[in-house]
Structure formats: C-alpha cells, structure tokens
Amino acid sequence: MDLRFSAEDEAYRQRLRDWLKENLGAATGAGGSANAAMKRAEEGSGGKSDPLAGARAWPRKLQEAGYVGLAWPKKYGGQEASFTQQVICADEMARARTPPLINTIGLSIIGPTLVQHGTEEQKQRFLPRILRADDLWCQGFSEPEAGSDLASLRCRAELDGDEFVVNGQKVWTSLAFLSDWMFLLVRTDPDAPKREGISYLLLDMKTPGITVRPLRNAAGGQHFSEVFLDGVRIPRENLVGELNGGWSIARSSLDHERSGLSGVVALEETLGRLWRMAGKVQRGDAEALGDQATSRALAQHWIEIEGLRHLGYRTLSDQIAGKPPGAGASVGKLFASELRQEMTRTALRVEGPLGPVAKRSPHVVDRGRWHAAYFDALAHSIGGGTSEIMRNVIAEKVLGLPHAKDD
Amino acid sequence: MDFNLSEEQEALQEMARGFLSERWPAERVRELLDARPVLIDDDVWKEIVEMGWLGVAASEEAGGIGGDVMTAAVLCQEAGRGVLPGPFQSSLVAAIAIERSGDKDLCSGLLPGLIEGKRRVSVAIEEPGGLYGPDAVRTEARAAGEDWLLTGNKILVPEGNEAEHLLVAARTPDGLGLVRVAADAEGATTTRMDRMDGQSCAALVFEDAKAEAGALLGGADRGEALLREVYDIWTALVAADLLGSAEASLELTRSYATERVQFGRPIGSFQAVSHRLADTLVDVEIGRSLLYGACLALDEGRDNAAPLVSAAKAWLSETAVAAAEAALQIHGGVGFTWEYDVHLHLRRSRCNAALLGDADHHRDRVAAYMEQSWVPLVKA
Ligand SMILES: Cc1cc2nc3c(=O)[nH]c(=O)nc-3n(C[C@H](O)[C@H](O)[C@H](O)COP(=O)(O)OP(=O)(O)OC[C@H]3O[C@@H](n4cnc5c(N)ncnc54)[C@H](O)[C@@H]3O)c2cc1C
C-alpha cells in the first residue's frame with residue numbers, strides 16, 4: 001500500500017503549479033470568469049459580438065498549455081495523460097481555485113463519448129473545437145415525460161433521405177441558451193422495445209426550427225431551458241454510433257464520471273469556511289463553535305470528506321491497475337452529493353436565527369453564501385441521476401439484489 | 001499510488017476467512033454465549049498461534065512475521081467477520097506494545113512467549129467515570145524506591161482474568177505511560193465483568209499494587225508517546241473488527257433479501273429494503289476507505305494518523321451497529337431468533353462501538369485536531 005506519487009508525477013504537479021501561479025491571475029481578473037460572463041449573456045447585456053469572449057479565454061489558455069483533454073488521444077488535441085496525472089491536474093486546479101470552465105459539458109460528457117463512439121470525421125471536426133471552447137455544448141436527454149425513466153423518451157426523428165427530421169421537446173437542458181451544439185437522444189424506431197429504438201444525434205443549435213425557452217430555477221437563476229424542436233433537420237453524418245444504437249452510448253455518457261477525488265478539495269475548503277463562520281457566529285455569550293453539537297457536526301463532515309478522499313484513492317488505484325471501477329464510482333457520486341447537502345444544512349443550522357436572512361439585507365451572515373450553496377447542493381441529488389436512482393443502481397449492480405420491477 | 005491491499009495481504013485475508021469459517025462456526029459462539037465467557041477453544045487457539053497470527057505485526061527477531069498495522073488490521077477484520085473472540089486481539093495489541101517499547105528483556109523473554117501463545121498479556125486503558133482514552137486516565141503510578149506503586153481502577157480489560165501480566169495505563173510523575181504489573185501482584189484485584197457479546201473482560205482494582213523497576217514501558221522519555229501510539233493502533237484494530245462485523249451483517253442480509261419471497265417477489269426488490277442496503281454498502285465502503293487510510297498513516301508515522309484513526313473508529317462504530325440493526329429488521333421474525341447469526345454481529349458491534357471511545361469521543365478528537373492543525377492550513 002502506497003499513497004505516494006512517482007517522481008515523474010510530482011514533477012508534473014510542480015510544473016502545473018508553476019504554470020498556474022503565472023497564468024491564473026489574468027483569468028480571474030477583468031470579469032473574465034465564466035460565471036460573470038454567463039450572467040451577462042443571460043441578461044443579453046453588453047451588445048458585444050461575443051459576450052462569452054472573456055469566458056472562453058481561460059479554457060483556451062489551458063488548452064494551449066495542454067491542461068484540458070488529458071485523457072484524449074493526441075491526434076485530436078488531447079494529452080494521453082495517465083489517470084494519476086488526470087487526478088493531479090483536477091486536484092491542483094481545485095486547490096488554486098481556477099474559475100469554472102464554460103465548456104465543461106463538452107469536456108466531460110460529449111468529448112469522451114465521441115472519443116469512444118464517434119466517427120473519425122466527427123472526432124476531427126468536434127474534439128479540437130471543444131478543447132478550445134469554440135463550441136459550447138448542451139445535453140438534450142431529459143423530456144417532460146422522460147426523466148429517471150429516460151428510455152421512455154418520445155422526441156421523434158425520421159429519416160428523410162440523408163437527413164433526420166426531428167420533432168419533440170427537451171427540458172432541463174442546462175446552458176441551452178448559450179450553446180452552439182446539442183447532443184440529444186431521439187426515438188428513431190417507435191415500434192421497437194423502448195431501449196432499442198433510440199439514436200444519438202448531434203445538433204447545430206443554429207438550425208431552423210429550434211426554440212429555446214429559458215426556465216427560471218428555484219434559486220432564482222437561469223440555468224436550464226426548455227427546448228422545442230419543430231421539423232429540425234439534422235444531417236445523417238451527425239448520427240453517433242449505429243441507428244437505433246443510441247441507448248448504450250447514452251449509458252456511457254452518464255458513466256463518464258471522475259474518480260471522485262476532484263470534488264474533495266472543494267469540499268474541504270467549504271468545511272474550512274464553515275468552521276471559520278462557526279467561530280464568528282454568536283451563540284449566547286459565546287460563539288457557535290464552542291458548543292459541542294456544532295464542533296461534532298463539523299468533525300463528522302471532516303470524517304466524511306476523508307472517507308470520500310480515501311475512497312477516491314481506491315478507485316484511482318483500481319483504474320491504474322486496469323481493474324474495473326467497481327463500486328467506487330456510484331458510491332462516490334451518491335455519497336458526495338448527499339454530503340454536500342448535509343454540509344450546507346449544517347451551515348444554515350450554525351447560522352441560527354440569522355440563517356434565513358437574505359443576501360440583500362445588511363444583517364446577512366457570511367455574505368449569504370450558504371443560501372446559494374444550499375440550493376446548488378439540492379440540485380445535485382437530482383441532476384445526472386437522482387439519489388434514488390443511484391441507490392437502485394447500487395442495489396442491483398453492486399449488491400446484486402433483484403430488480404425492483406420487471407419491465 | 002496503490003491504495004489497495006497487497007497480494008500478500010489479500011492472500012492472508014482469504015486464508016483467515018477460510019480458516020475461520022471452517023474451524024470457528026457461529027454455532028460455537030452461540031454455545032459459549034450460554035456458558036460464558038466466550039473464549040477461543042484451546043485447539044483452535046493452538047492453530048491460530050501456529051499460523052503466526054499473534055506475531056503478525058511483530059518483527060522477525062521476536063518470532064513474528066514482520067507485518068505492519070494494515071496487515072494486523074486485515075486479521076482483525078476477519079476476526080470480526082468470523083466472530084472470533086479473545087484473547088486474539090488483546091494478545092496482538094500486547095505484542096505490539098511490548099515490541100514498540102524497545103525493552104530488550106521483554107522483547108527477548110515475554111514477547112516470544114506471547115507470540116507462541118504460552119504467555120498471556122493484556123492491556124488496560126479504560127476507567128470508570130464515563131470518559132474514554134488516555135486523557136481520562138486517573139490511575140496513578142508512584143515511584144517507591146526502585147519500584148512502582150499503582151493505585152486506581154480499570155474496566156473492560158479484555159481477558160483480564162486470564163492474563164498473567166497487565167499493561168496498565170497510568171499517570172506517572174513524568175506523564176502518562178503503560179506500566180507492566182503481574183496480575184497476581186499484591187494489591188491487585190481482578191473481578192470478572194460481563195459483556196453483551198459474552199467475551200471475557202475484567203474490572204481491576206489496584207491499591208498500591210507493586211510493579212518492578214523498569215516496568216514503565218518506553219521509560220520516562222517515551223512512555224506517554226508509546227501509550228498514545230498503542231491506543232491509536234488498538235483503536236484502529238477495533239475499527240477493523242467493526243468493519244468485519246458490518247460486512248458480515250450486510251452479506252447475511254443481502255442473501256436473505258434475495259431469497260425471501262413475500263407478495264410474490266423477493267423482498268430485496270422492495271426499495272424500502274434495497275435502499276437501506278444500498279446505504280449500508282455506501283457506509284461500509286466509506287468505512288473501509290477510512291480504515292485503510294488510518295492504517296497507512298500509522299504505518300508511515302504521518303501527522304494525521306490519530307485523527308484518521310478516530311475518523312475510522314467513529315464512522316465504523318455507527319456503521320457496524322446500523323448494519324446489524326438493518327440486518328435484524330430486514331430478516332423479520334427470524335432475525336430476532338437466537339438461532340440466526342444476526343444478534344451475534346449486533347452484540348459484537350455494540351461492544352466494539354463503545355470500546356476505546358464511542359463515535360462522539362472520536363469526533364471530539366477530530367475536532368481538537370481540526371482546530372489545532374487543520375483549520376490553519378485550509379484556505380479561507
Ligand atoms: C440543475 C439541473 C440540471 C439538469 N441539467 C440537465 C441537462 O443538461 N440535460 C438533461 O438532459 N437533463 C438535465 N437535468 C434533468 C435531470 O437529469 C432529471 O431531472 C433527472 O434525471 C430526474 O428526472 P425528472 O426530473 O423527470 O424526475 P422523475 O424521474 O420524475 O423523478 C421524480 C422523483 O421520483 C423518483 N423516482 C423516479 N423513478 C424512481 C425509481 N425507479 N425508484 C425510486 N424513485 C424514483 C426520483 O428519484 C425523484 O425523486 C437537470 C436537472 C437539474 C435539477
């Protein structure tokens with residue numbers, strides 16, 4: 001058993017650290033953060049030709065330095081880096097608090113899917129543009145009638161010569177209003193069993209017939225949209241994999257998860273903030289941290305974070321050894337999303353009677369950051385497979401328990 | 001980076017699991033639970049000794065096999081899973097304490113005898129008063145000429161009745177330490193305590209009990225550090241035992257939920273059942289990860305070893321009990337029978353959950369570490 005990284009990997013870490021020190025400042029300053037840019041784009045303000053120019057600058061810098069597309073083939077602009085270097089990279093980015101990447105969906109979902117299942121032409125055409133944040137992507141899977149039961153989706157595509165004609169609706173599509181492309185699941189054979197009549201398509205969002213209607217989310221922001229597709233034509237070359245073979249590809253899109261280590265640094269910093277906040281919040285004549293219920297709750301979170309970190313080490317070790325990921329990935333996803341929620345609940349409890357005070361108020365605690373974190377955390381056990389669905393997966397795939405219902 | 005058991009550790013695990021399932025049937029524990037105390041049968045003990053389990057963490061010079069804490073934890077985990085009683089764990093811990101003391105006489109005399117199963121030594125840390133761990137120790141060791149005089153009370157000393165020597169945590173003028181006392185020393189009284197799982201443990205009373213010169217393990221300089229180290233290692237081994245219990249409960253329940261049919265379906269297809277088991281699996285995997293982290297930190301002597309040990313102990317104390325309770329509930333009526341093994345795991349994990357500090361005690365240790373060492377390092 002050994003938790004040390006090789007000298008080569010440590011040298012890689014050091015180079016990355018040095019690079020970040022030199023290059024990060026420019027990215028975070030001057031309103032270049034992805035969040036700020038997205039906000040401006042949402043509001044339609046600026047009137048600039050590309051309201052996202054600032055937000056694209058940082059991922060481009062990373063691309064030039066070779067710090068994105070780590071797992072991808074070099075041929076398409078990737079790095080062919082080892083699992084360990086992927087983990088080190090995610091770790092250092094989180095530690096340095098690099099800004100969120102505007103092309104995350106491309107980098108973490110559709111990119112890896114195309115690497116695995118795309119045609120040579122699709123790879124050459126799309127992968128380099130994803131890495132450079134030239135194209136932003138959104139995921140068109142969920143529909144009003146198809147959420148957890150994704151395979152019951154109805155959005156219809158019919159072949160008409162060399163083109164698919166698509167009619168239907170997608171919903172909860174994150175960042176649809178900013179995206180250049182959408183990868184979507186459509187029904188191409190309505191008579192086949194439901195998993196066997198689904199195809200995986202790539203859609204240029206400038207195609208006529210698309211209506212994007214942003215939805216306001218519970219936290220008050222505009223993050224996801226409804227997307228209506230009315231006679232939208234997609235060239236056949238934009239089919240990924242076989243016709244009617246989209247379901248298994250979609251499964252692999254959902255499986256492109258990381259070992260879970262990348263989230264640990266952020267959780268740790270959140271806990272550090274929570275501790276400091278508890279040291280300031282008043283509780284009678286003392287501060288909240290002085291009361292045992294609070295310090296024990298924070299200690300419990302430390303324990304949980306260490307559990308997640310060491311689980312991540314085990315998953316990474318399996319990956320390095322070429323073993324199947326085992327229980328680690330689904331366990332990590334479920335545990336991490338619940339932990340995030342629990343930490344924000346603890347934060348609101350520690351804030352006490354002032355916990356509910358809104359950000360605008362001069363009485364707000366800790367600049368109201370825990371409200372946003374709380375809402376954000378609540379969404380995490382819904383998006384990308386609800387926690388209940390994760391429990392079904394663990395029960396059936398890991399424990400081998402019988403299927404809940406025969407369908 | 002390789003954060004999984006080595007091939008040797010996996011082979012040892014498999015061997016131990018096979019041995020215990022063959023030679024130590026749960027039926028035997030049930031019989032002993034009625035007879036009390038629950039102790040390993042002599043013939044099985046002999047085989048365990050011959051396989052070298054007591055020297056798993058001792059050096060080759062001392063007759064051990066030179067393993068580390070992680071390897072010892074592998075065996076303790078199997079002991080938990082196979083409901084193997086004492087004096088396995090207490091002997092293992094005593095051997096670790098003696099070897100780490102560096103005391104040449106003990107290492108060449110008592111230690112080989114202990115590893116060969118001929119001598120019996122136990123470790124006494126816990127005291128009455130409702131608190132846990134070295135900091136709660138009030139037993140005093142006074143110097144009397146060359147010798148030591150020991151006064152105080154100890155509880156829950158594993159196999160304290162069967163031991164020939166006791167390593168007793170006490171306050172000396174130079175700080176805390178482990179003082180070796182003969183069980184039959186004048187002024188030492190041993191009475192039987194009884195645990196829910198039937199395992200043998202003792203309450204000790206010392207009234208100016210005499211210990212010989214040099215009885216403070218590690219001497220005045222290293223005595224306190226040694227006691228804290230032994231407490232951490234022992235706590236990690238108890239956590240390993242808890243992991244084994246939790247795994248056993250989960251496996252029993254998994255297979256029962258697959259076979260038992262109600263409403264025309266296996267009960268494992270009801271989500272109230274399957275989700276509870278999925279949550280148990282998550283907790284077990286987090287616990288295993290924490291245990292590995294704690295053992296590795298101990299073996300590498302890292303600064304965060306103590307909080308990681310506490311993390312593993314706090315987490316697994318709650319996980320193992322919850323897994324056994326889930327097992328009882330999901331087995332329905334038969335889960336509440338004497339004949340099913342569920343209660344054996346429930347009893348053992350309840351005992352171990354309180355041994356050497358419950359979850360709250362260990363959360364408090366983590367909180368103290370966070371304040372001192374962790375918070376200053378985390379970015380604001
Ligand atoms: C912030 C956010 C961003 C998202 N972004 C995208 C995106 O970019 N692209 C996209 O395609 N989708 C996206 N989604 C949609 C997300 O994938 C779905 O919301 C999710 O799969 C659940 O589907 P649903 O909302 O229809 O809920 P439902 O499936 O109707 O579920 C409702 C409740 O029933 C439970 N339930 C359902 N089935 C079972 C079962 N078999 N056993 C037990 N319980 C069950 C669920 O766990 C849930 O609690 C996003 C969602 C959120 C919240």
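The sections below treat the ligand site, the contact between the chains, the domains and the local backbone features.

## Basis of the report

The structure is a predicted model. Values given for it are computed from the atoms of that model.

## Ligand site

The ligand is surrounded by 18 residues, and the closest are Gln139(A), Ser148(A), Thr386(A), Glu388(A) and Gln271(B). Because the surrounding residues come from chains A and B, the site is shared between chains. By residue class, the shell around the ligand comprises six nonpolar residues, eleven polar residues and one charged residue.

Within chain A, domain 2 (138-244) and domain 3 (259-397) each contribute at least three residues to the shell around the ligand. In terms of secondary structure, at least two shell residues come from strand E3 (163-174) of chain A, and at least two from helix H12 (387-398) of chain A.

A nitrogen atom of the ligand lies 2.8 Å from a backbone N or O atom of Gln139(A), and a polar backbone atom of Phe141(A) is 3.0 Å from an oxygen atom of the ligand. A side chain also takes part: a polar side-chain atom of Ser174(A) is placed 2.8 Å from a nitrogen atom of the ligand. On its own, the ligand has 970 Å² of accessible area, of which the protein covers 65%.

## Contact between the chains

The contact between the two chains involves 49 residues from chain A and 51 residues from chain B. Together, chain B and chain A bury about 4800 Å² between them, and 68% of this area is on carbon and sulfur atoms. On the chain B side, the residues that lose the most area to chain A are Met1(B), Trp374(B) and Lys379(B), which together account for 16% of what that side buries.

## Domains of chain A

Chain A is divided into domain 1 (7-102), domain 2 (138-244) and domain 3 (259-397). Between domain 1 and domain 3 of chain A, the contact consists of eight residues of domain 1 and nine residues of domain 3. These two domains of chain A, domain 1 and domain 3, bury about 790 Å² between them, with 63% of that area on carbon and sulfur atoms.

## Domains of chain B

The division of chain B gives domain 1 (7-118), domain 2 (122-220) and domain 3 (222-373). The C-alpha centres of domain 1 and domain 2 of chain B are 22 Å apart.

In the contact between these domains of chain B, 17 residues of domain 1 meet 20 residues of domain 2. The area that domain 1 and domain 2 of chain B bury between them is about 1300 Å², 66% of it on carbon and sulfur atoms.

## Local backbone features

Chain B contains a cis peptide bond from Arg36(B) to Pro37(B), with omega near -5 degrees. Pro37(B) is placed in the loop between helix H2 (26-35) and helix H3 (42-50) of chain B. The peptide bond from Gly86(B) to Pro87(B) is also cis, and its omega is near 5 degrees. Pro87(B) belongs to the loop between helix H4 (69-81) and helix H5 (88-101) of chain B.

In chain A, Ala133(A) has phi near 60 degrees, a positive value in a residue other than glycine. The loop that holds Ala133(A) lies between helix H6 (120-131) and strand E1 (137-140) of chain A.

How values were computed: Residues are numbered from 1 along each chain as its sequence is written. Chains are lettered from A and ligands numbered from 1 in the order in which they are written. This is a predicted model: local features need pLDDT of at least 70, side-chain atom pairs count only at pLDDT 80 or more; totals for chains, interfaces and linings use all residues. Side-chain values use heavy atoms; hydrogens and water are left out. A residue is near a molecule or strand if one of its heavy atoms lies within 4 Å of it. A polar contact is a pair of N or O atoms within 3.5 Å; within protein, one must be able to donate a hydrogen and the other to accept it, and residues adjacent in sequence count only if both atoms are side-chain atoms. Accessible areas come from the Shrake-Rupley method with a 1.4 Å probe; for residues, only the protein chains shown count as cover. Helices (H or I, at least four residues) and strands (E, at least two) are DSSP runs, numbered from the N terminus. Ala, Val, Leu, Ile, Met, Phe, Trp, Tyr, Cys and Pro count as nonpolar, Asp, Glu, Lys and Arg as charged, and the others, Gly among them, as polar. Domain bounds come from an automatic or database domain assignment. Contact means heavy atoms within 4.5 Å. Buried area is the accessible area (1.4 Å probe) that two parts lose on being put together, summed over both.
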